Amino acid sequence: MTVDALTDVAGLRVGHATCTGGGWLTGTTVVLAPPGGAVAAVDVRGGGPGTKETDALDPRNLVQKVEAVVLTGGSAYGLDSASGVMGWLEERGRGVRVDADPAHVVPVVPAACVFDLGRGGDFRARPDASTGRTAVEAAGASEEGAPVPEGCVGAGTGAAVGQIKGGVGTASVVLDSGITVAALVVANAAGSAMDPETGVLYGELLRGGRTAYPASEVHEAARRRLAEAAAKSGPPPLNTTLAVVATDADLTRAQAHKLAGTAHDGIARAVRPVHLLNDGDTVFALATGARPLAEHPLALNEVLAAGADLVTRAIVRAVRAAAPVDGPGGVWPSYGELYGEQKGEL
């Protein structure tokens with residue numbers, strides 16, 4: 001049975017640490033690979049990225065697999081959360097062996113951050129190593145194939161997409177070949193996820209089928225609410241959308257890199273504009289290698305196409321699952337608050 005989440009890729013686990021109240025509106029999300037790690041790659045297209053250990057994922061470099069990927073709030077400060085994940089992995093002997101002693105390992109933990117500083121009211125309230133440890137402990141304690149909480153949790157706690165609340169979303173599919181592809185997204189974009197003329201989500205409009213447009217009076221009321229919110233808090237100053245796209249296919253590091261790159265198309269279908277100078281849009285790809293990829297030279301195509309589609313769907317789910325925020329750090333209505341549960345037939 002699948003749960004339509006990143007954890008449908010066997011062996012992957014997801015844990016959130018959510019920090020709210022008392023000036024906090026941030027958190028960290030950890031994607032934990034199976035013991036022994038997963039082939040990993042990254043593609044960065046935003047103009048203002050905040051990352052850690054992404055150079056290690058270059059196919060020309062030494063590291064073959066990673067044990068975890070960290071997505072975090074707190075901008076560059078929040079990257080410290082990866083240290084807590086490293087400590088947890090080291091205690092379990094998980095990482096790159098550096099000599100004959102099995103306890104002597106260096107966990108390589110790629111990380112990327114979103115900007116959410118001050119959105120809870122306190123600029124200095126941001127994730128640190130203890131937050132990362134809480135998130136990886138949650139991942140490690142979860143059951144294989146467990147559902148993944150969405151919305152304002154983990155790294156999506158303080159996320160915003162344009163003028164509305166963002167968050168975490170996830171989705172998966174099993175291809176005809178039996179290969180599973182899945183995505184998890186932290187939607188926190190400078191651009192908008194919805195068409196300003198109609199209020200329909202771009203990600204639902206582009207998926208095909210019959211699109212259910214909000215009633216004109218509902219859309220006009222939403223526009224007034226957004227204008228009121230903007231007057232109180234103004235537009236988010238800096239942003240970033242993060243994603244992890246995963247598969248159980250046996251991919252080379254170069255193929256994983258291609259998957260990370262094409263998955264950015266999924267962001268572009270759901271957010272406009274995208275990849276701006278004040279975004280740090282970053283996509284990681286993970287491949288557990290449990291299922292062989294067909295030897296046909298174009299066999300990777302269906303995985304690539306699915307990865308992009310799932311990123312789009314995960315962004316839609318993140319926006320729909322988000323709850324509104326009205327606090328000392330700003331006002332961000334949720335899409336559900338503005339438009340209810342109405343959605344296109346996908």
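Biologist: What should I know before reading the model?

Modeller: The model is predicted, so local features need pLDDT of at least 70 and side-chain atom pairs count only at pLDDT 80 or more, while totals for chains, interfaces and linings use all residues. Residues are numbered from 1 along each chain as its sequence is written, and side-chain values use heavy atoms, with hydrogens and water left out.

Biologist: How many salt bridges are there?

Modeller: Side chains of opposite charge can pair when their charged atoms come close. A salt bridge here is a side-chain nitrogen of Lys or Arg within 4 Å of a carboxyl oxygen of Asp or Glu. The count by this rule is 14.

Biologist: Which residue does Asp-4 meet in a salt bridge?

Modeller: Asp-4 pairs with Arg-317, at 2.5 Å from N to O. Arg-317 belongs to helix 6 (residues 301-321) and Asp-4 to the segment before strand 1 (13-21), so the bridge ties together parts that are 313 residues apart in sequence. Helices (H or I, at least four residues) and strands (E, at least two) are DSSP runs, numbered from the N terminus.

Biologist: How far apart are the closest N and O atoms of Glu-91 and Arg-92?

Modeller: They are 3.4 Å apart, and the two residues form a salt bridge. Glu-91 is exposed at 52%, whereas Arg-92 is partly exposed at 43%.

Biologist: Now the strands. Which strands pair with strand 13?

Modeller: Two strands pair if DSSP finds at least two bridges between them. Strand 12 (residues 167-174) runs antiparallel to strand 13 and is joined to it by eight bridges; Ser-172 has Ala-182 as its bridge partner. Strand 14 (residues 242-249) also pairs with strand 13 in the antiparallel sense, over six bridges, and there Val-181 stands opposite Thr-247. Five residues lie between the strands in the hairpin of strand 12 and strand 13, where Gly-178 takes a positive phi near 90°.

Biologist: Why is strand 13 described as largely enclosed?

Modeller: Eight of the eight residues of strand 13 (residues 180-187) are buried, so the rest of the structure largely encloses this strand. Both faces are covered, with Thr-180 among the buried residues on one side and Val-181 among those on the other.

Biologist: Which residues does Ser-75 touch?

Modeller: Contact means heavy atoms within 4.5 Å. Leaving out residues up to four places away in sequence, Ser-75 touches Cys-113, Val-114, Phe-115, Asp-116 and Leu-117. Ser-75 is in the loop between strand 6 (68-72) and helix 1 (81-91), and counts as buried at 18% relative accessibility.

Note on methods
Buried means under 20% relative accessible area, exposed over 50%, partly exposed in between (1.4 Å probe, protein chains only).
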